[in-house]
Each structure stands twice: as C-alpha cells, then as structure tokens.
Amino acid sequence: MTEQDRVEDQVWHQVATEDAIAEGQATVHAVNGWQVLLTRFEDDIVAVNDRCTHAAARLSTGRIRRGALMCPLHGARFDLADGRCIGGAYPTLRRFPVRVANGVVEVAVPATPPGMDETPVELPG
Ligand code: FES
C-alpha cells in the first residue's frame, strides 16, 4: 500500500468491475468489515453503508426507485444523490468515496472496521 492509497483514515479497495454495477440494482461488498452497497445513479457509481440509519436494516434488501433507496423495514427513503433521508426523518447515510480505474471500481473505507453502530442487522426470514 502506498501513501496515495490512504485518504486521511481511509484506504482504497478494489471491489467490482464497473460494468457489474447497474442502475436500479444494489450489490453488496464486504470491505474491511464494512458492508458497502454499490449502485449506479445517473452517471455516477454510489457507495453507501448498507445500513438504514433508523433501525439498522440492510438497505440492499429494499428497492431502488426514482433515485432513492427504500428501506425494507419501515419504508424510509434515502436520496442516492447525497444520502439524505427524504423527508428528513433519519440521519444521512454514510457514503464512501468512489473512483474507477481501468474499469475497476475502488471504494475508500475507514482503516478500522465498523462498530455495532455502523453494522446492519439481519432481518429474520
Ligand atoms: S430500519 Fe429503515 S426505516 Fe426503520
């Protein structure tokens, strides 16, 4: 790892090929303990923590509609443009920096794994 691979306390990781990320679909990648949800929004690839800021459900098991992630548990919607909760009921999602190099998507996550307050819970069934 070079110094360029470190951004403050974050480290870049290769996570997927660019063509594997589609608009309207979510993929999840375990990166240094973080559950990184990747999707495409307009011309950008977006990476957020796969954890609803209300009660920690996995957003990747919800739907993506009209530029928003919808939580499967209680229906909160989060804007893919900035991670804000539409309507403002819950805190903004944690977003991760994304870059693409030679068709490979790289995401910068914190150098330390997430605590329980950043980890999604698994829903039964
Ligand atoms: S856990 Fe997502 S809206 Fe409640």
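Which residues gather in a patch of positive charge on the surface? I found Arg-63, Arg-65, Arg-66 and Arg-77 there. For the record, I count residues from 1 along each chain as its sequence is written. The model is predicted, so local features need pLDDT of at least 70, side-chain atom pairs count only at pLDDT 80 or more, totals for chains, interfaces and linings use all residues, and side-chain values use heavy atoms, with hydrogens and water left out.

Patch terms: members have over 30% relative accessible area and no salt bridge, and like charges are joined within 9 Å. Areas are from the Shrake-Rupley method with a 1.4 Å probe, only the protein chains shown counting as cover for residues. A salt bridge is a side-chain nitrogen of Lys or Arg within 4 Å of a carboxyl oxygen of Asp or Glu. Lys and Arg count as positive, and the charge of Arg is placed at CZ.

I then followed Arg-65 into strand E6 (residues 63-65). Strands are DSSP runs of at least two residues, numbered from the N terminus. Two strands pair if DSSP finds at least two bridges between them. E6 and strand E7 (residues 68-70) are antiparallel and share three bridges. Arg-65 has Ala-68 as its bridge partner in E7.

I traced the sheet next: three strands, open, in the order E6-E7-E8, with antiparallel pairing. E6 and strand E8 (77-79) are the edges; each has a single partner strand, so one side of each lacks a neighbour in the sheet. Neighbouring strands here are turned by 25° against each other on average, direction ignored. The axes are lines fitted to C-alpha atoms, and angles between N-to-C directions run from 0 to 180 degrees.

I found another open sheet of three antiparallel strands, ordered E3-E4-E5. Why is one side of strand E3 (27-31) and of strand E5 (44-49) left without a neighbour in the sheet? Both stand at the edges with a single partner strand each. Strand E4 (residues 34-41) is joined to E5 by six bridges, and Phe-41 has Asp-44 as its bridge partner in E5.

Last, I checked strand E9 (residues 98-101) and strand E10 (residues 104-110), an antiparallel pair with four bridges. Arg-99 is partnered by Glu-106 in E10. Two residues lie between the strands of this hairpin, and Asn-102 takes a positive phi near 55°.

Key. Patch = residues over 30% accessible without salt bridge, like charges linked within 9 Å, V, L, I, M, F, W, Y side chains within 5 Å.
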